[in-house]
Amino acid sequence: NKIRRVDSCRVEEELRYISAKVKKSGKTESLLISDLNFGMYREDLQTAKYISALQKTDDWPTRIGSTAGKNKPDRTIQVTNIINAEGLEKGMIGAALQSTDPEVLGAIKRSNISIDKYFKVTSYGKEKGAFTYSEIILGLPMDTLEKHFKSLQTAVDMGMTVVRMYQLILLNGSEMDTPETRQKYAMRTKWRVIPGCSGIYTILGEDHPVAEYEEIVIETNSLLYQDYLDCRLMNLIVEVFINSAWFEEIGGLLNALGFSKFEFLVYFKTHSEHYPKKIKSIFDSFLERTELALFETEGALKTMIQKTGFVESYVKGERGGNELLNHKALCYFNLKETHQAFFNSFKGFLKEKSAYTESIADYTDEVERFSLMRKNNLETKDFAYMARQCLKIQSNILLGLEGGYDLQALGECSVSVVNELV
């Protein structure tokens, strides 16, 4: 594909225009760059300099959202350095892997960033305090449960702040949507209303239910439908326990002990005996809602959209929505039970690895209290209460008043602290 660019002077003029409008309205501190490979081309260095100049003169933007180019890590780092030099708040750096499997990448005619280069970019991001991310797609041609898990493991064990997990959507006019591709990979699809894209609209004095919908792949000749559901459940587990950084102290301990964080998540998924009933019901609800949102044909969905009450159920949140984020929220609002499930599984995992020593058990009990306390009462916005309680526990930990451990250092994978435990 050929790329056509506008003159760099026009880019500068547009940035100055936006900055002037933002400064006048005072409505946003953010700049969203829609380029899907920002930082990969030489011209992006000049754009970064324009942005840096605006930060100096207009104190804008303080936040930038973009999708970084993946195949030129050195240049991406250069661009980020230019912008971050002016005190930009925490940014986000990473790449859309889609899959780490060579067969899958070959089937979709894509070459991926090498793991070494990927590690270089993400290491830089973590060093600068940026949020690091990866993007994985489920259901690509040649994909399997094992390959999807391996892609997730690469992102999780590299320490990504966020792993964005998507389902494969067949877009009209794309090569993936052709009859030849569908037949070659025996794609089975279903239709769903796009989350947040439905409503009742008044047109010429009459109310009309309107919904946008999409076609997603739920089975291929290499991915069974049950495997698809298992992968979706693992996506939820990654969303809850990795993307939120709710249990970063335990992540640090796993790293320092030499265990894979993702291997622990697989253990968590396959040992539901450690879950309280409430967590079991949340996970069951996730799978039920995932299937409830799917329709066999486009015609069946279009017919339902016209039925009284159907679109209203989406507007009210009774159907549809973002299943991952909705059920992540349910886990948060049942925080005590979520902690029980996580720490029960963590202890079981270490026992299976013959690593649950007396000192590790002592540490785990203490970090469980700390981990729950530092997240408690956020829903009531009683931050003062939370801060006092966290400070009390942290003081005991840091001063050793309860024989405690330096949780912050361990959360940062301090091997020296772990050596004291083992």
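Where is the place of L204? L204 sits in the loop between strand 6 and strand 7 (206-219). Keep in mind that this is a predicted model.

Let me stay with L204 for a moment. Its phi is positive, about 55°, and L204 is not a glycine. Most residues other than glycine have a negative phi. L204 is also exposed, because its relative accessibility is 87% and the cut-off for exposed is over 50%.

Together with Y201, I203 and V210, L204 forms a nonpolar patch. I203 belongs to strand 6, residues 188-203. With a relative accessibility of 44%, I203 counts as partly exposed.

Next, another backbone case. S354 also shows a positive phi, near 55°, and S354 is not a glycine either. Look for S354 in the loop between helix 15 (335-352) and helix 16 (358-373). S354 is exposed, at 68% relative accessible area.

Then there is a peptide bond to flag. W60 and P61 are joined by a cis peptide bond, with omega about -5°. Most peptide bonds are trans. P61 is found in the loop between helix 2 (43-58) and strand 2 (63-65).

Now to the inside. The largest nonpolar core has 60 residues. Which of them touch the most other members? The answer is V163, Y228, V238, L265 and F283. Helix 8, residues 225-241, supplies the largest share of this core, with 11 residues.

Take V238 in more detail. Leaving out residues up to four places away in sequence, V238 touches V156, V163, M165, N243, F262 and L265. Of those contacts, V163 and L265 are on the list of residues that touch the most other core members.

Last stop, L138. This residue is in strand 4, residues 131-138. Is L138 buried or exposed? L138 counts as buried, because its relative accessibility is 0%. Beyond its neighbours within four places in sequence, L138 contacts D143, H148, Y166, Q167, L168, L223, Y228, C231, R232 and N235. Y228 is a name we met in the core. L138 and M165 are 27 residues apart along the chain, yet their C-alpha atoms are separated by 7.4 Å. M165, in turn, is one of the residues that V238 touches.

Methods
Residues are numbered from 1 along each chain as its sequence is written. This is a predicted model: local features need pLDDT of at least 70, side-chain atom pairs count only at pLDDT 80 or more; totals for chains, interfaces and linings use all residues. Side-chain values use heavy atoms; hydrogens and water are left out. Patches are made of residues with over 30% relative accessible area and no salt bridge: like charges are joined within 9 Å, nonpolar side chains (Val, Leu, Ile, Met, Phe, Trp, Tyr) within 5 Å. Accessible areas come from the Shrake-Rupley method with a 1.4 Å probe; for residues, only the protein chains shown count as cover. A salt bridge is a side-chain nitrogen of Lys or Arg within 4 Å of a carboxyl oxygen of Asp or Glu. Helices (H or I, at least four residues) and strands (E, at least two) are DSSP runs, numbered from the N terminus. Buried means under 20% relative accessible area, exposed over 50%, partly exposed in between (1.4 Å probe, protein chains only). A nonpolar core is a set of buried Ala, Val, Leu, Ile, Met, Phe, Trp, Tyr and Cys residues joined through side-chain atoms within 4.5 Å. Contact means heavy atoms within 4.5 Å.
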